[in-house]
Amino acid sequence: MISTPLAQRLREAGLRWTPVSGDAFQVAGPEFEGDVFTVSDMTIEAHTYPTGTILGFNGTTEWALDSVALDDAVWLPREDQLRDMLAGAFERLERADAAGGVEYRVTVTVGDDTATFVSDDPAESYGMALLGVLQSLR
């Protein structure tokens, strides 16, 4: 799972989310810091209305929440979702030994420009790469 700061930067760069079962998210606000929720047909469902999408908390899953607007949620995309969003820009993922552990390098190409993004977590590398692609398209 990517870090919350990276997820927020992706959102600010224009990444849009249509919730599906299995998606992880956090509710914006300090009182929910560190709490990660998962969209599920049984417990947290996405309800789409003409005014926007609401994430509804069913039953007693989260007693303090009935629902939260999509705009108040920060999506934490999975590694596979990030890779899929990179689409044709994705070149490769490399795993390499590094001082103190392992690092993952994701290389993307947009137009004539190639860039590599490195982290000790593959999902974070994919997220940084997607952020780079989104920023280059602005």
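Modeller: This is a predicted model. Helix α2, residues 79-86, packs against helix α3, residues 122-136, at an angle of about 30 degrees, and their axes are 9 Å apart. An angle under 35 degrees counts as roughly parallel, and α2 and α3 are therefore roughly parallel to each other. Their crossing is left-handed. On the α2 side the residues that meet α3 are E79, L82, R83, M85 and L86. On the α3 side they are P122, A123, Y126, G127, A129, L130 and V133. By class, the residues of this contact divide into 9 nonpolar, 1 polar and 2 charged.

Now α2 by itself. Its buried residues are Q81, L82 and L86. Around the axis they cover an arc of only 140 degrees, which puts them on the same side of α2. What covers these buried residues includes α1, β6, β7, β8 and α3. L82 and L86, both buried, are also among the α2 residues that meet α3. After α2 comes A87, with a positive phi near 45 degrees, although A87 is not a glycine. A87 is found in the loop between α2 and β7, the strand of residues 90-98.

The other partner of α3 to consider is α1. These two helices pack at an angle of about 20 degrees, with 10 Å between their axes. α1 and α3 are therefore roughly parallel to each other. Here too the crossing is described by its hand: α1 passes α3 in a left-handed crossing. From α1 the contact uses L6, R9 and L10, and from α3 it uses E124, G127, M128, L130, L131, L134 and Q135. Sorted by class, the contact of α1 with α3 has 6 nonpolar, 2 polar and 2 charged residues.

As for α1 itself, its buried residues are L6, A7 and L10. Seen down the axis of α1, they fall within an arc of 100 degrees, so they line one face of the helix. The general rule behind such a pattern is that an α-helix has 3.6 residues a turn, so residues three or four places apart point the same way. On the other side of α1, P5 and E12 are exposed. The cover over the buried residues of α1 includes β6, which is residues 73-76, together with α2 and α3.

A13 lies in the loop between α1, residues 4-12, and β1, residues 24-27. Buried here means under 20% relative accessible area, and at 11% relative accessibility A13 counts as buried. Leaving aside neighbours within four places in sequence, A13 is in contact with L131, L134 and R138. A13 and L130 are 117 residues apart in sequence, but 9.7 Å apart in space, C-alpha to C-alpha. α1 is followed by G14, whose phi is positive, near 110 degrees.

To place these helices in the chain: the protein has 3 helices and 9 strands. Along the sequence they follow the pattern α-β-β-β-β-β-β-α-β-β-β-α. Of the contacts in the protein with a separation of 6 or more, 42% are accounted for by residues 24 or more positions apart. Buried residues make up 38% of the 138 residues in the protein. The C-alpha trace spans about 45 × 35 × 25 Å along its principal axes.

Methods:
Residues numbered from 1 in each chain as written. Predicted model: local features only at pLDDT ≥ 70, side-chain atom pairs only at ≥ 80, totals over all residues. Heavy atoms only, no water. Helix = DSSP H or I, 4+ residues; strand = E, 2+ residues; numbered from the N terminus. Buried < 20%, exposed > 50% of the residue type's maximum accessible area, 1.4 Å probe, protein only. Contact = heavy atoms within 4.5 Å. Axes fitted to C-alpha atoms, helices over the stretch in contact; angles between N-to-C directions. Parallel < 35°, antiparallel > 145°, perpendicular 65-115°, else oblique. Left-handed = near helix turned anticlockwise from the far one by under 90°. Nonpolar A, V, L, I, M, F, W, Y, C, P; charged D, E, K, R; others polar. Arc of directions from axis to C-beta.
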